[in-house]
Structure formats: structure tokens, C-alpha cells
Amino acid sequence: MSEQSYFDDLEIRSDAARAEALAEALPTQIARAQSLPGYGDLLAGVDAARVTGAGDLAALPVLRKSEIGNAQAARPPFGGFTTRPVDGFSHVFQSPGPIYEPSSNAPDWWRMGRFLHAVGIGSGDIVQNCFGYHLTPAGMIFESGAQAVGATVLPAGTGQTELQVLAARDVGCTAYAGTPDYLKVILEKAEEMGITLKIDKAAVGGGALFPSLREYYAERGITCRQCYATADLGNIAYESAAMEGMIVDEGVIVEIVTPGTGDPVAPGEVGEVVVTTLNMDYPLIRFATGDLSAEMPGKSPCGRSNMRIKGWMGRADQTAKIKGMFVRPEQVAALVAQHTEIRRARVIARRSGEQDSMLVRIESPGGDAQAYAQSVAQLLKLKGEVEIVAPGSLPNDGLVIEDQRSYD
């Protein structure tokens, strides 16, 4: 693979060059975080000058999303974790929680250009961006990446599939960005309408890319690759043409730790993904994602030399991502609390065809399924099927979110 095939030289540098750059950048980032009120005593006593590599981070405490949420409630909107005031950013986004995230118009602030380049998207491409632009940052994350590689963007968002098809045809879209399963919905609608689209590249995230779905796209001549990104951190890792795991982005440091402890696991073992970002505006240090993964040995055959992980392998807690949205145990608890007659409830994540679906089983002596469905949509931020079951029917195993989807 030629040098021109890479986004920049950072992704093919030697281990020694990467370690040298990190030894210079990391102490500054730790000191920057220590100066922020959001960290409080979390990094007190840490000698930033001595934190020069990923191994040194293991001695620092883990920062959890719940801590950011609590800090934001006390010091809105960013909880004292940013180096700029709210009016120093171009955008403010809100994720479920609510958690507020900043954004900047600085070039490739979310570091998504590296992934889109690896997909083959660049100048001359028109990207149909089907990630949401309303409150959540996904739409802007991928738009900034498209700008970084010189592509044009159709900010399509979600829904109105027939209009999506017409716009893709009229504008001449050649690439798709969105959740893994929504492109299939668009393609099926286009086939129904007798329209042939030009989309031959897909950059997906926000959910699992199942092998059957990847094969469906491949059969139609569409190169589909996925990234692992979050609203807090931007791009964390991404697939390349080698299709062997995911390559960690150059702007973050990834550790795999024992869930709940922050202690690194043995190489190759599954653990929680903890990320330190080098973003100067929003310096998150040892941020616990709650996601599970494992480090892969060796280097990618594509020539990119950074650490590789196996990709998303589930959640360290019971939180599940359904249709690109996280559903958390506390949301299920709020559903039970809102209806006094409900004894227990269990959310079940499933696959229907090639799309995520959600079933909510509710233990109740009766009740109005329609009213429960409205509460589900309100509290879980997703619509789902509601099934009322008799008291005592649900297993007494403490599970409130059950993921029945296969990731093999």
C-alpha cells in the first residue's frame, strides 16, 4: 500500500516515534486537565511530568460518565471539564442523561476524517449523512470528517425514506454515513421505487455491523466499514481495507481494563475500554466508555501501525445500544417508578430482519399497554413493542436489559 493511501504520516509512524510524541503531549494534557474545576481532587497529587506513556496512566483514577453528569448538574453545561466557556465553542449537543458535549468548527475536531479516508471517501464524493443533527452530535461528527477529506455533504438526517431516495438520486450521492442498518432501508425503498443509486461506499457507526448486513452491501458493490466513536471522545478506532479489527485513532490513547477497577487486563483479554483524549478543548483523562473490547496483537496488514482492538464487544454494564441510542438501567427504573402498578420491567434488544428492535416486558396485574408504550418512548427515547406479563413471570436474576442479538 503506497504512502498516498494514508490520511497522514501519523498512522504509519514507528512505535518509537509515536511514543516520543506521546511523551511530549501527555504531560501537557494531564496538567491541562488538573487546572480544570471539573476534575476537582481526581488528579490531585499527580505529577503530570511523570505521566509520559500509556503505562503511566494506569496509576490515575478512572473518570466515569456519571461523574461528568453530576458535575454538569452542579456547574452547567460542561461541568468544568472544558478549557473554554460555552460561548467559546461553535456547538453544544445533548446526549441522553442529559449529558452536554461541546463541539468546534476547527478542522476535523472529532478526528473522523481518518476513518472516512480509510473507507475511500474523498474529493468528488457526495456523502448522504443520515446521522441525526438534532441535539445529538453524530451528524456534525461525520460532517466534519467529510469536510476534512474534501467531500460534499447532503445533511439528510433520519426518516422520510422516500425523500432520502429521491435526494440521493437527484444529488448523485456516492457515499453513505449513518447507522449500519438504515442504508438497507434506503436501498430497499429505492428498489421498490425503481431507482438505481450511485452509493458505493458506506461509513457506519452507532450500532453493530452484523456479518449478514456487511455481506448484503458487498453483494451490491458497496464497500461498508465501521468506526467506533462516542459523543464525548469523537473517533476512537476504525476499520481499514485489511478488515482485521479496528485501528486506534492517533488522537486518543486506549487502555483495556478490568471493569470497575481501572486495572489493565492481560494482553488479548476482554475488558472495558478506557480512553484518554489529546483534545486540548475537552481533555478527558481515562474516560471509561462502559464498552467491552480486547487488544489485538501485531500490526494491521494495511500498514497502519497503531494499536488494534477487536471492536465493540458489548457493554461492561447492562446498558445496551439499540437503534444507535443507549438504553440504561436507570431509564428502566424510571419507567417502573412512573407506573405504580408495574412490579418489574425488562428491556429486550433483538434483531428483526437486519434492524434492531426493542421489546419491553412489563410485570403488571393489568394496565394499559398503550400508556406504557408512550412512557417507553418518553423515558427510553425509543419506540418499542410492549408486552404485559403476569407478576412473577420475569426471571429473578437482576437483569433489566437483555441483549439477545448475536455478534458472531
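**View 1. Strands β10 and β15 pair in the antiparallel sense.** In this predicted model, two bridges join β10, residues 246-248, to β15, residues 308-309.

**View 2. The β10-β15 pair sits within an open sheet of nine strands.** The strand order is β5-β4-β6-β7-β8-β9-β10-β15-β14. Pairing across this sheet is mixed. Beyond β15 comes β14.

**View 3. Strands β5 and β14 form the edges of the sheet.** Strand β5 covers residues 152-155, and β14 covers residues 295-296.

**View 4. The whole chain contains ten helices and 21 strands.** Its C-alpha trace spans about 65 × 55 × 45 Å along the principal axes. The radius of gyration is 22 Å, which agrees with the value near 22 Å for a compact globule of 408 residues. Of the contacts with a separation of 6 or more, 62% link residues 24 or more positions apart.

View 5. Of the 408 residues, 50% are buried. The accessible surface comes to about 17,500 Å². Carbon and sulfur atoms contribute 51% of that surface. The chain carries 36 positive and 50 negative charges. How far apart are the mean positions of the positive and negative charges? They are 2 Å apart.

Terms used. Residues are numbered from 1 along each chain as its sequence is written. This is a predicted model: local features need pLDDT of at least 70, side-chain atom pairs count only at pLDDT 80 or more; totals for chains, interfaces and linings use all residues. Side-chain values use heavy atoms; hydrogens and water are left out. Helices (H or I, at least four residues) and strands (E, at least two) are DSSP runs, numbered from the N terminus. The radius of gyration is taken over C-alpha atoms; the globule rule is 2.2 Å times the number of residues to the power 0.38. Buried means under 20% relative accessible area, exposed over 50%, partly exposed in between (1.4 Å probe, protein chains only). Contact means heavy atoms within 4.5 Å. Accessible areas come from the Shrake-Rupley method with a 1.4 Å probe; for residues, only the protein chains shown count as cover. Lys and Arg count as positive and Asp and Glu as negative; His and the chain ends are not counted. The place of a charge is taken as NZ of Lys, CZ of Arg, CG of Asp or CD of Glu. Two strands pair if DSSP finds at least two bridges between them.
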